[in-house]
Amino acid sequence: MIFSPTANRLKKAIDNSDLTQREIADRVGFKKSNIISMMKTGDTRVPLNRIPALAASLDIDEREFLMLAIEEYHPGVHEVLVDVLGLPLSDAEIGILTMYRFGSIRGEIEVSEPFRQALEGLIELAAVASAK
């Protein structure tokens, strides 16, 4: 059993992928494919600078994966990032907020005023997060 949340996320993504570990290593820029095995078992950390390429290759949310790794490997840095920047929204969360916005503009969604204000605040947060 793997006790690393980052390794668990990577293992799940690899298991759900049609790519071989060699193909993943090639796409991410590793010379040897055994590094993929070592990362997914938690024997070695996932290099933060490789997370965007891994996320793209494995079709996972790079922000979520990066924040998971930072939280695990550098909890103090994670705390500062969250305090200063807030928690980033996932692509799915941004999508939900965008659908709400379009529905409310068209008058298809009716909600109470406090709830509408809260959702509008989240939409603004999503716009800021997606611009970064």
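## Packing of α4 against α5

In this predicted model, helix α4, which covers residues 51–58, packs with helix α5, which covers residues 62–73, at an angle of about 135°, and their axes lie 9 Å apart. The angle makes α4 oblique to α5, because an angle over 145 degrees would be needed to count as roughly antiparallel. The crossing of α4 and α5 is right-handed.

On the α4 side, the residues that take part are I51, P52, L54 and A55, and on the α5 side they meet E62, F65, L66 and A69. Sorted by class, the contact of α4 with α5 has 7 nonpolar residues, no polar residues and 1 charged residue.

## Packing of α5 against α6

Helix α6 spans residues 75–85, and its axis comes within 5 Å of the axis of α5, with the two crossing at roughly 130°.

The contact is formed by M67, I70, E71, E72 and Y73 in α5, which meet P75, V77, H78, L81 and V82 in α6. By class, the residues of the contact of α5 with α6 divide into 7 nonpolar, 1 polar and 2 charged.

## The position of H78

When neighbours within four places in sequence are left aside, H78 is in contact with M67, I70 and E71. These three residues, M67, I70 and E71, are among those that α5 brings to its contact with α6.

## The chain as a whole

The secondary structure of the protein chain comes to 8 helices and 0 strands, and the pattern read along the sequence is α-α-α-α-α-α-α-α.

The protein chain exposes about 8400 Å², of which carbon and sulfur atoms supply 57%. As for contacts within the protein chain between residues at least 6 apart in sequence, 50% of them join residues that are at least 24 apart.

Technical notes:
Residues are numbered from 1 along each chain as its sequence is written. This is a predicted model: local features need pLDDT of at least 70, side-chain atom pairs count only at pLDDT 80 or more; totals for chains, interfaces and linings use all residues. Side-chain values use heavy atoms; hydrogens and water are left out. Helices (H or I, at least four residues) and strands (E, at least two) are DSSP runs, numbered from the N terminus. Contact means heavy atoms within 4.5 Å. Accessible areas come from the Shrake-Rupley method with a 1.4 Å probe; for residues, only the protein chains shown count as cover. Axes are lines fitted to C-alpha atoms, for helices over the stretch in contact, and angles run from 0 to 180 degrees between N-to-C directions. Angles under 35 degrees count as roughly parallel, over 145 as roughly antiparallel, 65 to 115 as roughly perpendicular and the rest as oblique. A crossing is left-handed if the near helix is turned anticlockwise from the far one by less than a right angle, and right-handed if clockwise. Ala, Val, Leu, Ile, Met, Phe, Trp, Tyr, Cys and Pro count as nonpolar, Asp, Glu, Lys and Arg as charged, and the others, Gly among them, as polar.
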